[in-house]
Amino acid sequence: MVTMQKSAFYLVREEILPEAIKKTIKVKELLKRGEAKTINEAVEKMGLSRSAYYKYKDFVFPFYEASKEKIVTIALLLEHKPGVLSRVLNTIAGDRGSVLTINQGIPLQGVANATISIETADLAVDLEALLDKLRMVEGVKRLELLGQA
């Protein structure tokens, strides 16, 4: 009888990853975009051994792939000015995100905390791009990804 151990997942910044893992991700991207027709061609372009690619390929993937068709929760620190929350919600809706919950605290010292849960199944862009857009909304002071389900 084989017992399966539950795997833990971590969100890790790219700059701390070993080169072999970074190159594995790039090989997968080359294949996905059609810039390489075979695994051999892709690993040669990236200067990665086939064995290293096969060792890591099923264990690394870009963040946006992990967040597709999920519910993500973000925490925001918003300036207390008219229209800030509305612009945030319009940005989400503009990229076809579905807002499931919104919680906003009472403004203190000119800012308010808000949490928003978003269903990402129909997003027109990857989650990273949406989060970048939200960070650029006038009045958004801070944005953090709290979790995903």
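User: Where does V137 lie?
Analyst: V137 sits in the loop between α6 and β4 (140-148). Keep in mind that this is a predicted model.

User: Is V137 buried or exposed?
Analyst: Burial is read from relative accessible area, and under 20% counts as buried. V137 has 10%, so it is buried.

User: Which residues does V137 touch?
Analyst: Leave out residues up to four places away in sequence. V137 then touches V84, R87, V88 and T91. V137 and L85 are 52 residues apart along the chain, and their C-alpha atoms are separated by 9.5 Å.

User: What share of the chain's contacts link residues 24 or more positions apart?
Analyst: Take the contacts with a separation of 6 or more. Residues 24 or more positions apart account for 68% of them in the protein chain.

User: What part of the protein chain is buried?
Analyst: Buried residues make up 30% of the 149 residues. For the surface, look at area. The accessible surface comes to about 10,100 Å², and 53% of that belongs to carbon and sulfur atoms.

User: Which residues are buried in helix α6?
Analyst: In α6, residues 127-136, the buried ones are L127, L130, L131 and L134. They cover an arc of only 100° around the axis, so they lie on the same side of α6.

User: Which residue caps the N-terminal end of α6?
Analyst: D126 does. A side-chain oxygen of D126 lies 3.1 Å from the backbone nitrogen of E128.

User: Which residues form a nonpolar patch on the surface?
Analyst: Y10, V12 and I16 form it. Together they have about 380 Å² of accessible area. V12 is placed in the segment before α1 (19-33). Its relative accessibility is 41%, so V12 counts as partly exposed.

User: How many salt bridges does a search of the whole structure find?
Analyst: Start with the general idea. Side chains of opposite charge can pair when their charged atoms come close. The search finds 11 salt bridges here.

User: What is the N to O distance between K81 and E79?
Analyst: The side chains of K81 and E79 meet in a salt bridge at 2.9 Å, N to O. Check each partner's cover. K81 has a relative accessible area of 49%, so K81 is partly exposed. E79 has 18%, so E79 is buried.

User: Where do R33 and E29 lie?
Analyst: Both lie in helix α1, four residues apart, about one turn of the helix. R33 has 52% relative accessibility, so R33 counts as exposed. E29 has 25%, so E29 counts as partly exposed.

User: Which residue forms a salt bridge with K57?
Analyst: D58 does, and the closest N and O atoms are 3.0 Å apart. K57 is at 23% relative accessibility, so K57 counts as partly exposed. D58 has a relative accessible area of 53%, so D58 is exposed.

Note on methods: Residues numbered from 1 in each chain as written. Predicted model: local features only at pLDDT ≥ 70, side-chain atom pairs only at ≥ 80, totals over all residues. Heavy atoms only, no water. Buried < 20%, exposed > 50% of the residue type's maximum accessible area, 1.4 Å probe, protein only. Contact = heavy atoms within 4.5 Å. Areas by Shrake-Rupley, 256 points an atom, 1.4 Å probe, with all protein chains shown as cover. Patch = residues over 30% accessible without salt bridge, like charges linked within 9 Å, V, L, I, M, F, W, Y side chains within 5 Å. Salt bridge = Lys/Arg side-chain N within 4 Å of Asp/Glu carboxyl O. Helix = DSSP H or I, 4+ residues; strand = E, 2+ residues; numbered from the N terminus. Arc of directions from axis to C-beta. Polar contact = N/O pair within 3.5 Å; in protein donor to acceptor, adjacent residues only side chain to side chain.
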